[in-house]
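Subject: Structure handover and notes

Dear colleague,

I am passing on the structure for you to look over, with my notes placed after it. Please read them alongside the coordinates.

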Amino acid sequence: MIGIENLSKKYGANTVLNIASLEIPKGQSFGLVGNNGAGKTTLFSLLLDLIPPTTGHIENNEVQVNKSEAWKPFTAAFIDESFLVGYLTPEEYFYFIGELRGRNKADVDALLAQFEDFFHGEILGQKKYLRDLSKGNQKKAGIVASFIGNPEVVILDEPFANLDPTTQIRLKAIIKELAAEEAVTVLVSSHDLMHVTEVCERIVVLEKGKIVKDIETSEKTLKELEAFFAS
Amino acid sequence: MFKQFITLQWKSFFRSASFGKSVGIKIFMVLMGLYLLVSLGALGGTLYFILRKLAPTDGPMWVLSQFLVYWVLGELFFRYFMQKLPVMDIKPLLINNIPKSKIINYILGKSVFSGFNLLTLVTFSPFAIVLVVNGYPVWNVLVWLLAMLGIALCANFLNFLINKSDIALGIIISVLVLFWGLEYFEIVSIQQIFGPIFHALYAYPATIFVPLAILGVLYFLNFRYLKDVLYLDGALKGKAKEAKTADLAWTQRFGEMAPFLQLDLKLIWRNKRTKTQVWISLLFVFYGLIFYTQEIYANMVGMHVFLGIFMTGIFLANFGQFIPAWDSAYYGMMMSQNIPLRKYLESKALLITVSVVVMFLLTIPYVYFGWKVFAVNTACAIYNLGVNIPVILYFGSFNKKRIELDQSPFGNMQGTSAVQFLVMLPVLGAPIILFSLLNWLVSFEIAISVLVGLGIFGYAFKSKLLDFVTQQYANKKHVMLRGFQQKNG
């Protein structure tokens, strides 16, 4: 589904990302871990063509993302709060994204109904604009918005941060369910090793912009990662 | 402790986002500030002679005193909109080892040095000097100046107390209108009533204690109020307005443009800066009154074109020049969505088009000043529609400064760069020069026709022009995204 070739991103003399090759097959749930500054968000931003690569390229379903925009209809993402439109209510935001992804209000309402538990009564019908919601609730809205329109690739940057324990557990279930669908490729980054090992089939560790580990998740993975980051 | 506060203040000023701006803007802001100071100083300096001429029989101080009540009310009015007590700044101090009373004194004391209070000083100091030079008793004049400063400070602290309620604003406005009405229709002479009161501040220096006492009381009230509300769920709580969901179903008829149109309408209506700009734009309809009524401008066609372009295009300029920076906070999301960039721009173009038409309709009454005025305004409106809309959208592709939507528009230079000054050349300069030249070389009718012709020509090729602009936005995508992410740009 996603293929990366000779990808690098430099700011001046500083190389922030350098990946020779990476293949993510369709339907895989892919976890990205690494310390601050390892290049996780840079990789996701490159994947969404929010920043141009210095060398190399990324292909998303055989579409080269910095050349064509044909990847947009089947790709959805939530990177941070800057993906939200602060002066809209959550409902309005969902409908807006829905329209951009060719879904009418009824479609969006049907999807939102599935996430009633996840919202925990704090998102819909609150008479609040997104900018006035707490960080955690903003995150919930952004994550669910990225599920609108049956995307084939879902990219979530640090989805577990700022969420309360109940919501974290629910989110894990949601991501697992999504990953179980053959057609959906999920890319998740996280600082929480336990969460990623639980939801992802494969985990890649970035360090200073390079891939230093590429593991298929097993029972030993968590120990292995903990040992790696402790050293 | 006091020294700490001062260094804190110093750093907050020199490290503020607006101070870190590019050199050009810094120079521009300094020049604007100097200009304001100099003009106010000049006003103060010449006030004596103006008043002399206005009322040769009465003393200037006597005449001025009669108008001071309006000055005070006007000051309150402007302060209501432009001055807020910056309570949020003290949040980091709360949990530190500083007594609350000290924090309150710091924040209240800080407000004494605001530009508004400087305004009074800059205006009235030269006036006072001129008075002394002209043989007025030094002691009386000095005490009077002090009293004026005291009144300005009273307004300063009164404003903080009433700032939260719209009722207070209503009262200020109604009192202003009422006073003016009573005076105008000669029912009661407000000036006769308040004149002697304000004059007493000059005539009897002992009365200085009245404004000072009021100042003391107001300071105490502020202090007591703040002491009660200086909690995270009190004054320090960000105000969250109750959101109203808007359907805007009528926009559906615009097809693919609809979601963007809805977004733009909400953008304008739900954010302070954009909303205020709509009101300011509407007020600019009256701009023409200043010029059309003066004989010197009656035959200056260049001025008429300026007014025509400006009045019908005020929203075009105010809103248009910052496209797409209005969406800067979430531009990353927009760019990762499957959006037709062209529809996004078309929606903005439609909004501006509507604004031009509305402003044009509002300027129709100026036909009172002659059919030529009407002809120029019509031609300018058409020129704005056909030429200036694509031009301003094109220049928008050079915008790369972020705008925080929820900040006040007054004196807000956020999002401003050289682009904003450059764009004024083609938008305002080109039609004025073109029209003046043709009017001078050929005739008024030809000049009008050319302006209209250009407008129609631009409108006819709107689709082509928009294609070109869209391509430009696509090319600049990454530069824009990078710029918009910089919070203190």
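In what follows, axes are lines fitted to C-alpha atoms, for helices over the stretch in contact, and angles run from 0 to 180 degrees between N-to-C directions. Helices (H or I, at least four residues) and strands (E, at least two) are DSSP runs, numbered from the N terminus. Please bear in mind that this is a predicted model, in which local features need pLDDT of at least 70 and side-chain atom pairs count only at pLDDT 80 or more, while totals for chains, interfaces and linings use all residues. Residues are numbered from 1 along each chain as its sequence is written, and chains are lettered from A and ligands numbered from 1 in the order in which they are written.

In chain B, the axes of helix α6 (residues 115-133) and helix α7 (residues 138-162) come within 10 Å and cross at roughly 165°. The two helices are therefore roughly antiparallel, a label given to angles over 145 degrees, with under 35 counting as roughly parallel, 65 to 115 as roughly perpendicular and the rest as oblique. Among the residues of α6(B) that meet α7(B) are F116(B), L121(B) and F124(B), and the α7(B) side includes V141(B), L145(B) and M148(B), where contact requires C-beta atoms, placed from the backbone, to lie within 7 Å. By class, this contact has 13 nonpolar, four polar and no charged residues (Ala, Val, Leu, Ile, Met, Phe, Trp, Tyr, Cys and Pro count as nonpolar, Asp, Glu, Lys and Arg as charged, and the others, Gly among them, as polar).

Chain A holds an open, antiparallel sheet of four strands in the order β2-β1-β4-β5, two strands being paired if DSSP finds at least two bridges between them. Because β2 (14-24) and β5 (63-64) of chain A stand at the edges with a single partner strand each, one side of each is left without a neighbour in the sheet. Strand β1(A) is joined to β2(A) by nine bridges, with K9(A) opposite L17(A), and to β4(A) by five bridges, where G3(A) has E59(A) as its bridge partner. The hairpin of β1(A) and β2(A) has two residues between the strands, and G12(A) takes a positive phi near 65° there.

Between the chains, 22 residues of chain B are in contact with 26 residues of chain A. On the chain B side, α11(B) gives the largest share, five residues, and that side has 12 nonpolar, seven polar and three charged residues.

Best regards

Conventions: Contact = placed C-beta atoms within 7 Å.
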